[in-house]
Amino acid sequence: MPAQPCRPQPGFTLVELLAAVAVLGVLVAIALPAYREQSARARRSQMQAVLIEDAGYMQRYYAANNAYAASPPPRLTYAASPRAGAPDYLVTVSVPAADPTSFVLTATRAGAMRDDRCGDFTYDNLGQRDLVPGSFAAGLSAEACWR
């Protein structure tokens with residue numbers, strides 16, 4: 001009997017498989033940082049909404065007490081962001097003893113946002129939005145992080 005020619009086996013070669021894994025690795029390397037940044041921006045947006053809602057509460061408190069520091073002391077509507085679940089930011093209020101007609105809300109990073117490059121946020125009774133000095137990465141501004 002004559003010898004039959006070898007037929008190639010169906011499937012992938014090792015080189016084809018390695019090329020596919022390399023392409024997948026490049027796609028993940030590009031997509032993962034972009035996904036993380038979008039996730040962080042969404043968490044920052046939630047926190048900013050919480051700060052603005054708490055500022056509204058403080059304004060109503062002032063209307064009832066003619067000061068931000070009165071008895072009973074103000075209790076923020078939301079002391080953390082997000083409103084439910086593990087906190088990404090903890091919100092506190094400070095009222096200067098020398099000026100009970102002003103306040104500053106501070107959102108301090110926690111949980112998944114602990115290493116966020118935008119740092120900690122502040123919002124005051126005049127509606128001024130800022131970052132806590134020294135808490136954010138070099139080259140960032142309050143305008144860039146509050147958008």
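Leaving out neighbours up to four places away in sequence, serine 102 is in contact with Tyr68, Ser94, Val95, Pro96 and Asn125, where contact means heavy atoms within 4.5 Å. The model is a predicted one, in which local features need pLDDT of at least 70 and side-chain atom pairs count only at pLDDT 80 or more, while totals for chains, interfaces and linings use all residues. Residues are numbered from 1 along each chain as its sequence is written, and side-chain values use heavy atoms, with hydrogens and water left out.

Serine 102 sits in the loop between β2 (89-94) and β3 (104-109). Helices and strands here are DSSP runs numbered from the N terminus (helices: H or I, at least four residues; strands: E, at least two). With a relative accessible area of 12%, serine 102 is buried; the word buried stands for under 20% relative accessible area, exposed for over 50%, and partly exposed for values in between (1.4 Å probe, protein chains only). The side chain of serine 102 also reaches the backbone oxygen of aspartate 99 at 3.2 Å.

The largest nonpolar core has 24 residues, of which Leu51, Val91, Leu105, Ala107, Phe121 and Trp146 touch the most other members. At least two residues of this core come from each of α1, β2, β3, β4 (121-124) and α2 (142-145), and the largest share, 8 residues, is supplied by α1. A nonpolar core is a set of buried Ala, Val, Leu, Ile, Met, Phe, Trp, Tyr and Cys residues joined through side-chain atoms within 4.5 Å.

What does tryptophan 146 touch, not counting residues up to four places away in sequence? Its partners are Gln48, Leu51, Phe121, Thr122, Tyr123, Arg129, Asp130 and Leu131. Threonine 122 belongs to strand β4 and is buried, at a relative accessible area of 14%. Beyond its neighbours within four places in sequence, threonine 122 is in contact with Val104, Leu105, Thr106, Gln128, Arg129, Asp130, Leu131, Val132 and Trp146.

Not counting residues up to four places away in sequence, leucine 76 touches Asp54, Tyr57, Met58, Val91, Thr92, Val93 and Leu105.

Charged pairs come next. A salt bridge is a side-chain nitrogen of Lys or Arg within 4 Å of a carboxyl oxygen of Asp or Glu, and the count comes to 6 salt bridges. Arginine 44 pairs in this way with glutamate 37, the closest N and O atoms being 2.9 Å apart. Arginine 44 is buried at 4% relative accessible area, whereas glutamate 37 is partly exposed at 24%. Glutamate 37 also forms a salt bridge with arginine 117, with the closest N and O atoms 3.3 Å apart. That pair links distant parts of the chain, 80 residues apart: arginine 117 is in the loop between β3 and β4, and glutamate 37 is in helix α1. Arginine 117 is partly exposed, at 38%.

Which residues are linked in a network of salt bridges? The network consists of Glu37, Arg44, Asp116 and Arg117. Aspartate 116 is in the loop between β3 and β4 and is buried, with a relative accessible area of 9%. Its side chain makes a polar contact with the side chain of tyrosine 89 (3.4 Å). A polar contact is a pair of N or O atoms within 3.5 Å; within protein, one must be able to donate a hydrogen and the other to accept it, and residues adjacent in sequence count only if both atoms are side-chain atoms. Leaving aside neighbours within four places in sequence, aspartate 116 is in contact with Ala40, Arg44, Tyr89 and Arg109.

A further salt bridge joins glutamate 53 and arginine 83, whose closest N and O atoms are 2.2 Å apart. This pair, too, links distant parts of the chain, 30 residues apart: glutamate 53 is in helix α1, and arginine 83 is in the loop between β1 (80-81) and β2. Glutamate 53 is partly exposed at 34% relative accessibility, and arginine 83 is partly exposed at 45%.
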